[in-house]
Amino acid sequence: MGTVATVTLGPDYADRIESVTEHIREIFDRLESELSAYRPDSAISELSRMAGVAPLQVSEDAYHVLSLGQHLGRLSAGAFGNPASPLVSLWGFNGAPVPMAIPSDQSICELLKLVDYRRLVLHDGTAFLPVAGMAVDVGGIAKGYAVDRAYDYCLSAGIRDFLIDFSGNVRAAGRPLRREGWQIGVRDPFDGSRIIGKIALPSGLAVATSGSYERFVEIAGERFSHIIDPRTGYPVTGTASVTVLCADAITADALSTSFFIAGLEGAVELLKKVSSVELLVVPDRYPADLWLTPGLDKA
């Protein structure tokens, strides 16, 4: 999935690290073969090729990810959307060439017709994009799902103290040492060598961070984030990073993107629609100004 994953086990399981890592690698490899928009042989790529042609029978994993993505699209009033791939490519991401000039309003308006999350049809294990040119990219949710599957594997293997970190999507159980819990550092979006704080991660919960500092393009001397608002067609401005703490990694992954797009103005309304979620928003202004929910402030 184009990034790095780390697995950390508590001291009681040190002799199993190689075996556990290999099993988790197999889980991630399998999910990448199903969910990666970069692989032409994946189910997600085949779904996009079949747009406007016929429904595609997809795996249970792919169906679950697509279903939750559609649910988050409804919950966020369209801020989160798996079918936003045409817009992402227009701005020069996901392997597409970076445009020489900022895309025109007309070109964006044309593609907005193809990215509505409501047009994805899911039924009885099949998925269908009804209009040719539609395409799905589940990059905003797939890593979280992979972390949850690795988390489930570790528990089933009898491991009680572990942490899985997949490109900022983190879920942990137990504790690293007998008297300490897991501590997660939140990166300063304005200085990658620093952290802006630490979060005590309760056993079983997950944390995810979305930021504009790692993936971006420069067009006509201006820098644009890789996170595209599927409601407007433009890269998000005004938000530097968002960190979400909640019950599982797939939800944290999707919500970190949703809150990033919603920004401070939309965060309060979106928080009313989700339960047991703690949030840290760093607006895109320097020096860093932190906005936290009370629970995360205590963490």
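The exercises below, each with a worked solution, concern a predicted model.

Residues are numbered from 1 along each chain as its sequence is written. In this predicted model local features need pLDDT of at least 70 and side-chain atom pairs count only at pLDDT 80 or more, while totals for chains, interfaces and linings use all residues, and side-chain values use heavy atoms, with hydrogens and water left out.

**Exercise 1.** Determine how the axes of helix H3 and helix H7 are arranged, and which residues meet where the two helices are in contact.

*Solution.* Begin with the elements: helices (H or I, at least four residues) and strands (E, at least two) are DSSP runs, numbered from the N terminus. The axes of H3 (residues 60-75) and H7 (residues 249-271) come within 11 Å and cross at roughly 10°, where axes are lines fitted to C-alpha atoms, for helices over the stretch in contact, and angles run from 0 to 180 degrees between N-to-C directions. Angles under 35 degrees count as roughly parallel, over 145 as roughly antiparallel, 65 to 115 as roughly perpendicular and the rest as oblique, and H3 and H7 are therefore roughly parallel to each other.

Next, take the contacts (heavy atoms within 4.5 Å): His 64, Val 65, Leu 68, Leu 72 and Leu 75 of H3 meet Ile 250, Thr 251, Ala 254, Leu 255, Ser 258 and Leu 270 of H7. These residues divide into eight nonpolar, three polar and no charged; here Ala, Val, Leu, Ile, Met, Phe, Trp, Tyr, Cys and Pro count as nonpolar, Asp, Glu, Lys and Arg as charged, and the others, Gly among them, as polar.

**Exercise 2.** Locate Asp 124 and decide whether Asp 124 is buried or exposed.

*Solution.* Asp 124 lies in the loop between strand S3 (121-123) and strand S4 (126-128), and its phi is near 50°, a positive value in a residue other than glycine. Buried means under 20% relative accessible area, exposed over 50%, and partly exposed in between (1.4 Å probe, protein chains only), so Asp 124, at 64% relative accessibility, counts as exposed.

**Exercise 3.** Work out the strand order of the open sheet of seven strands and find its edge strands.

*Solution.* The order is S1-S5-S6-S9-S12-S13-S14, with antiparallel pairing, and two strands pair if DSSP finds at least two bridges between them. The edge strands, S1 (5-9) and S14 (291-292), each pair on one side only.
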